[in-house]
Amino acid sequence: MKRVKLLKLATLGFAAASALAAGVGAVDTPPSIASPAPSAQAALAPQFQIVAMRRITEAQYRNTIADIFGPDVRVAGRFEPVVRPAHELIASGAREASISPAGLEQFDAMARGVAAQVFDESRRSQFAECQPADATKADADCAGKVLAPLGRLLFRRPLSAGERDFYVKLAGDSAGQTGSFYKGLELSLSAMLDSPNFLYVVETAEPDPANPGALRLDNYTRATRLGFMLWNSTPNEALLQAAQQGKLTDDAALAVIAGRMVNSPRFEQGLRAFFSDMLLFEKFDELAKDPVIYPYFNQDVAKALPEQTLRTITAHLLGKGGDYRALFTTPNTFMTRSLGPLYQVPVHKSAGWEPYQFAAGDDRAGLLGQAGFLSIYSHSGRSSPTLRGRAIRELLMCQPVPNPPGNVNFTAVQDVHNKATPTARSRLTAHSTDEVCAGCHKITDPVGLSLERFDGIGAFRAAENDTPIDSSGILDGMHFEGADGLGKTLASSPDTTQCVSSRALQYATGLGSEDVSPWVEALDKQFAASGYGIRALFLKVATMPATWQVKAAPLDQGATKISYAGQRR
Amino acid sequence: MMRIATTTATLAALLAIGPMTGGRQPLASPAEGETALAKLPAPPANGEMGFVVTHFVQPVIQGPDACPQGTTPKLRDAYLARQTPEERTRLLLKENETELTRSWQSDVIGPNGTNICSQPDLFENRTPLRTVQSKMAWGMDLDGGGRGRADSCEHETFQTPTGDQGIDNQEYRVMGCTLEWRGVDGIAGDQEVGMRQFMVSGEWTQVILLRGVNSLVRDDNVEVIYANTPDRPTVDSMGKFLPGASFSVSDKPPRNRNVLRGRIENGVLTTDATDVKLTQTWGQGGARDIRGNRTKYDFRSARLRLAFQPDGSATGMLAGYRPVFDVIQSPALGGIGSAVVAGIDCAATLSTLRKYADGIRDPKTGKCTGVSSAVRIQALPAFVNDPNTATRTAAR
């Protein structure tokens, strides 16, 4: 009986918390909770205005739960993905990401699971410093002492008095009906985890004293941005305190704090998230290869491929403090037993990763010689110079390539057994005789064909259909040979460093490439001055005024009102 | 970073002079597996070659002349054969099936929970197994023509289909007419299929590491590490081994790191006689750990012969003497199930093996306690780490 009541209450709490905060700036009170209950809506001071909302990603959700409640608290459920806008980052897509009813159900299930673990008997003492007078009854004083600090960590700012009262009342109502103080806390916590104040980063701005009439992001928003940008997790206690003390709008203090963050070991987690976004690593989630054509491909390999690339990146850029450009030429990487056969190299350790160095001049050097890049930019049964060339243009050089028209005849490139066109080069040559196709293929194929000595899973091959592979390539007028030559050409291209500079700024702000373009050239110059060090780039991004300026109009100026049912009115 | 260059030459056609097992997949023995010198892989630059063993199974030569009376009867059939024709007919009636089952099974179950496979010595005077009658067997001449040396006993010898004489393989003589080994004529028996599955599962992965290889044509001094590894092999979706994987020789007991000395002549490595011990693991989920009951291959005075193939693989044989009980290790561990389900007469098998024992002479009794044996080996290039020397090697 109590279970039924709790479920009803939980549903009410979930609906209330979600709906109350859904519009954040302008929300109607849902009719079903039109009682004089306290509101969960943050009371913003008049000078603060909401300027953006960004949905947190799955990784950010998981990292946040681990940071606040401990890594042993399990998050079980399916996350509705944030949709990536064409040619942009997921971080940009997060600004426009909504949550469907089905997605919200998943978030609610996860929230209940997390809350149940947090307040189970084995853990509750870590989060509940006070003891209720009677564990079978409500205790508003103790509930407030438990929920307010958790709310501050989850919403990344202190709870308003209204919010505090709301969650305390929710806990009290539940405790009364379930006969358990802790069940009340559990319900309240799950309501917080369902709240848009948690699922979205609500960015607020304040008048910029240096630019009268303009806005700048406020301290708590800055703390959140720093946390997610540099560590891919919620701001920690130190950041929240810095925000409370107003340090994050002080340039000197901000530089010290950001400098500490980029030099922290936790920056690796942030950098992994950045490059996973920049290099479209979500593609690994759907990576599938024909096991008959590629016997070396299996689930262990699929799992290891993105990790190999991320380890290569972080070891080079952070471990060695290496030049970003050398990512395209570095002979150093990491291996596991599962990857060894694909690369046909020895691996000492039976389990785990170990460093590996390719010989000088080996075509494997650099990120583009790695099976991760080569396999995701291939088809399930054949390589694709076009996909690879396009990925290099778009992801590494920030040069968008148009999609092919809908009526393309792909027969020539798909017929891999035609003796007249035994290699991808010959097939693409035949395909590109169509002038409609030739325009784009000129952009992509001369680049991608240099990687043809690696098949659709990135395994080395010298020939295709018994015909030796020509791996010569051309990029922006530069002729080169193989992946090694491509890597060197990219390393010398100014487009690659400008691209990563642009991506870093987009990643921090959630803005699109066009929006950040006015600052990219200057940022790239400072990147160059640092020797193309990634820490220096992110430190610069974290401290440059453009990161904290507000371009967009506040969301609540004539904002859409969202009803309880979520329907626009 | 040590790599051994291997040839990219096309796979030489393996001569198949009569299928060794099953007939579905003719496999080369060392003799017929020899590679023309011109097609031999280049010797490794660093003198090291690594292999993972993909096939390790006793070879069977199919054909009607090996077991003209058919395979050795199963326990139920053997019980029936001992009955009068009238009684046999009666027992085979459907309504007497329960009686028949109770009768033949009571014949293999002893007092106090004993049974014919767990305690075979308690069951005496069993009918011997049918033995191989043909003159053909794969194997090696371990004792100089079967005349019996100080440590072996006189016996008949076989010859190989390729003409080698004086072949010692008493294990095959005894076991070669069992259904488990021979299968239905022309189709591989359980032994072939089961051993292949064991290898693929990684329950007893074996690796071979050659050191000091300067030439595949002639090299008089090669060190051979023949060992087990806990690492499971890399196989494709069809369960086929893939070359180029890495393995580490076990650094935990039982290590089974056998160090052999050998020489290469015309693309064939042959090692001196020495004892070789390798892990056997019977079935998963057994009593001791997830990989099942663990026993040991114990080859005495064993020799390894490997013929290098143009594609970098190797094919060959391990031959030596095995203690007779080791041959029935698997059904003995299976206990009553081996008898009443698989119908194996462990006591008869053991007594027949003792009768034909030709090696491991007991100095006290003067009797031979082991049988000559041969195991066919196929191996693919692999990177083999030997923690003893922290080296690794493979063909590519």
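This note goes through selected features of a predicted model, point by point.

1. Basis of the note. The model is predicted, so local features are reported only at pLDDT of at least 70 and side-chain atom pairs count only at pLDDT 80 or more, while totals for chains, interfaces and linings use all residues. Residues are numbered from 1 along each chain as its sequence is written, and chains are lettered from A and ligands numbered from 1 in the order in which they are written. Helices (H or I, at least four residues) and strands (E, at least two) are DSSP runs, numbered from the N terminus.

2. The sheet in chain A. Three strands of chain A form an open sheet in the order β1-β2-β3, with antiparallel pairing. Two strands pair if DSSP finds at least two bridges between them. The edge strands are β1 and β3 (215-217) of chain A, each of which pairs on one side only. On average, neighbouring strands of this sheet are turned by 30° against each other, direction ignored. Angles here run from 0 to 180 degrees between N-to-C directions, and axes are lines fitted to C-alpha atoms, for helices over the stretch in contact.

3. Strand β1 and its partner. Strand β1 (residues 49-55) of chain A is joined by six bridges to strand β2 (residues 200-207) of chain A, and the two run antiparallel. A:Ile50 stands opposite A:Thr204 in β2(A), and A:Ala52 stands opposite A:Glu203 in β2(A). Seven of the seven residues of β1(A) are buried, so the strand is largely enclosed by the rest of the structure. A residue is called buried if 20 or more other C-beta atoms lie within 10 Å of its own, exposed if 12 or fewer, and partly exposed in between, with C-beta atoms placed from the backbone.

4. Helices α10 and α12. In chain A, the axes of helix α10 (residues 219-231) and helix α12 (residues 251-262) come within 10 Å and cross at roughly 25°. That makes α10(A) roughly parallel to α12(A). The cut-offs are under 35 degrees for roughly parallel, over 145 for roughly antiparallel, 65 to 115 for roughly perpendicular, and oblique for the rest. The crossing of α10(A) with α12(A) is right-handed; a crossing has this hand if the near helix is turned clockwise from the far one by less than a right angle, and is left-handed if anticlockwise. A:Leu226, A:Leu230 and A:Trp231 in α10(A) meet A:Ala258, A:Met261 and A:Val262 in α12(A). Residues are in contact if their C-beta atoms, placed from the backbone, lie within 7 Å. By class, this contact has six nonpolar, no polar and no charged residues. Ala, Val, Leu, Ile, Met, Phe, Trp, Tyr, Cys and Pro count as nonpolar, Asp, Glu, Lys and Arg as charged, and the others, Gly among them, as polar.

5. Helices α6 and α7. The axes of helix α6 (residues 140-155) of chain A and helix α7 (residues 161-178) of chain A come within 9 Å and cross at roughly 125°. The two helices are therefore oblique to each other, and their crossing is right-handed. Residues making the contact include A:Ala140, A:Ala143 and A:Leu147 of α6(A), and A:Glu163, A:Arg164 and A:Tyr167 of α7(A). The contact of α6(A) with α7(A) has seven nonpolar, three polar and two charged residues.

6. Where the chains meet. In this model, 14 residues of chain B are in contact with eleven residues of chain A. On the side of chain B that touches chain A, the elements giving two or more residues are β4 (246-248) and β12 (383-386) of chain B. The residues of that side divide into four nonpolar, six polar and four charged.

7. A loop residue of chain A. A:Glu88 is found in the loop between α2 (58-69) and α3 (90-93) of chain A. With 19 other C-beta atoms within 10 Å, A:Glu88 is partly exposed. The C-alpha atoms of A:Glu88 and A:Gly512 are separated by 6.5 Å, although these residues are 424 residues apart along the chain. Not counting residues up to four places away in sequence, A:Glu88 touches A:Gly93, A:Gly512 and A:Ser513.

8. Two residues with positive phi. A:Asn465, a residue other than glycine, has a positive phi, near 50°. A:Asn465 lies in the loop between β6 (463-464) and β7 (467-468) of chain A and, with 13 C-beta neighbours inside 10 Å, counts as partly exposed. Phi of B:Ser301 is also positive, near 50°. B:Ser301 is found in strand β8 (residues 293-308) of chain B and counts as buried, with 21 C-beta neighbours inside 10 Å.

Technical notes. Two residues are in contact if their C-beta atoms, placed from the backbone, lie within 7 Å.
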